[in-house]
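Subject: Handing over the structure

Hello,

As promised, I am passing this structure on to you.

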Amino acid sequence: MAFRIVSPPYTRNQNKTSRIMLFVLLAALPGIITQYYFFGWGNLIQILIASIIATIAETVVLYLRQYPIMETLKDNSALLTALLLGVSIPPLAPWWVITIGTLCAIVIAKHLYGGLGQNPFNPAMVGYVILLISFPVQMTNWLPFKSPNHITASLTKSLDIIFDLDTIDIPIITPKFQLNIDGFSQATPLDNFKTNLHSEHIQEQLLTQSINKKRMTVNLEYGWINAAFLCGGLFLLITRIIYWQIPAGFIGSLTLFSELGYFYDPEILLPPITHLFSGATMLGAFFIATDPVTASTTNYGRLIYAILIGLITWLIRSYGGYPDGVAFAVLLANICVPLLDYYTKPRAFGHSRKK
């Protein structure tokens, strides 16, 4: 009989990596279903492509590194990375866009640093940022919401568009067609508003901003996707898969800074409700920033980490060159995690305050 000796105190945790990742995947279902309702088959196809590429890439890298393949694939981390990328890119983006992003996320951002648990940056956000910088046109070409004038691509047409762009014969994603659309999802409303900041005539610019801002504040139709991811995030909080400090700090700081900015300059900056239910706010707060590997590991560190993400997101959305700054904010906050953990680490058990 073998005896295992450990030094107390110690705690037991029933949450395995595979179980945590599986719960996160399940929690994302409301958001995925909502995206399907508004955009059709596009994002489902993107998630499927990303999942296949992620599994193949992970298998090849594990084989080259002589790591156990099946045991590692069972942790579901590659599938979660694929899902986050699949819901983040435009539904009818070319197949090679999601392929490049997934390969960058799995091979470079994850395994180049040693694999799960060793990567300092969120793999999905690394892949997304690479795509956004490298292919800005493909990454900002979103579909309109369902409306009386909306054309929804069928499964066959969606596959045709994604895998062979030369055969496009419907005006779903053409700029001319987008001029007649009132609402867009994800980063597109923010992009639509920010584009007006560069108008040549100041009076026309302010008038356009005021109209767009009013429409975006009242018409929250595009916020249903964020609301769906919010519901999934609450499920993660109830099941204690994620810590409350990160979503609370992120949403709270984004609300605070956007409220202060809107109070200071309401003609230029967006109100808090628009920030909270536009772009990738809820997806970032509950599914991206809460990554247990790349986020801070202390209670105070998580709060500071989340507040930093909220601040950077607001700054990029308000004054930066990109309409939505969640991905950039998460990666910049990832850099600060070692410093935050060092200065916020709790006092060791048994340590006396008196020397």
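Which helices do the buried residues of H2 pack against? They pack against helix H3 (42–64), helix H5 (77–88) and helix H13 (224–238).

Before the rest, a word on the conventions. This is a predicted model, where local features need pLDDT of at least 70 and side-chain atom pairs count only at pLDDT 80 or more, while totals for chains, interfaces and linings use all residues. Residues are numbered from 1 along each chain as its sequence is written, and side-chain values use heavy atoms, with hydrogens and water left out.

Now the overall picture. The protein has 18 helices and zero strands; helices (H or I, at least four residues) and strands (E, at least two) are DSSP runs, numbered from the N terminus. Of the 355 residues, 49% are buried, where buried means under 20% relative accessible area, exposed over 50% and partly exposed in between (1.4 Å probe, protein chains only). Among contacts (heavy atoms within 4.5 Å) between residues at least 6 apart in sequence, 78% join residues at least 24 apart.

The unreviewed UniProt entry annotates "transmembrane region" at several stretches, including 44–64 and 325–344. UniProt positions are in the numbering used here, feature names are shortened, and annotations may be inferred rather than shown by experiment. In the model, residues 44–64 are 100% helix, with the end C-alpha atoms 30 Å apart. Residues 325–344 are 95% helix, and their end C-alpha atoms lie 26 Å apart.

Back to H2, which spans residues 29–39. Its buried residues are Gly 31, Ile 32, Thr 34, Gln 35, Phe 38 and Phe 39. They sit on the same side of H2 because they cover an arc of only 160° around the axis, the arc being that of the directions from the helix axis to the C-beta atoms. Just after H2, Gly 40 takes a positive phi of about 85°. In helix H1 (residues 17–27), the buried residues are Met 21, Phe 23, Val 24, Leu 25 and Ala 27, and they pack against H2, H5, H13 and helix H16 (281–288).

Next, the nonpolar core: a set of buried Ala, Val, Leu, Ile, Met, Phe, Trp, Tyr and Cys residues joined through side-chain atoms within 4.5 Å. The largest one has 76 residues, and Leu 84, Phe 229 and Phe 287 are among those with the most contacts inside it. Helix H18 (residues 326–344) gives the largest share of this core, nine residues. Beyond its neighbours within four places in sequence, Phe 287 is in contact with residues including Val 24, Leu 84, Phe 229 and Met 282.

Two single residues are worth a look. Asn 122 lies in the loop between helix H6 (95–110) and helix H7 (123–134), and is buried, with a relative accessible area of 3%. Its C-alpha atom is 7.7 Å from that of Val 330, although 208 residues separate the two along the chain. Not counting residues up to four places away, Asn 122 touches Ile 288, Asp 291, Thr 294, Val 330, Leu 331 and Asn 334.

Ala 82, in helix H5, is buried with a relative accessible area of 0%. Not counting residues up to four places away in sequence, Ala 82 touches Ala 50, Ser 51 and Ala 54.

Happy browsing!
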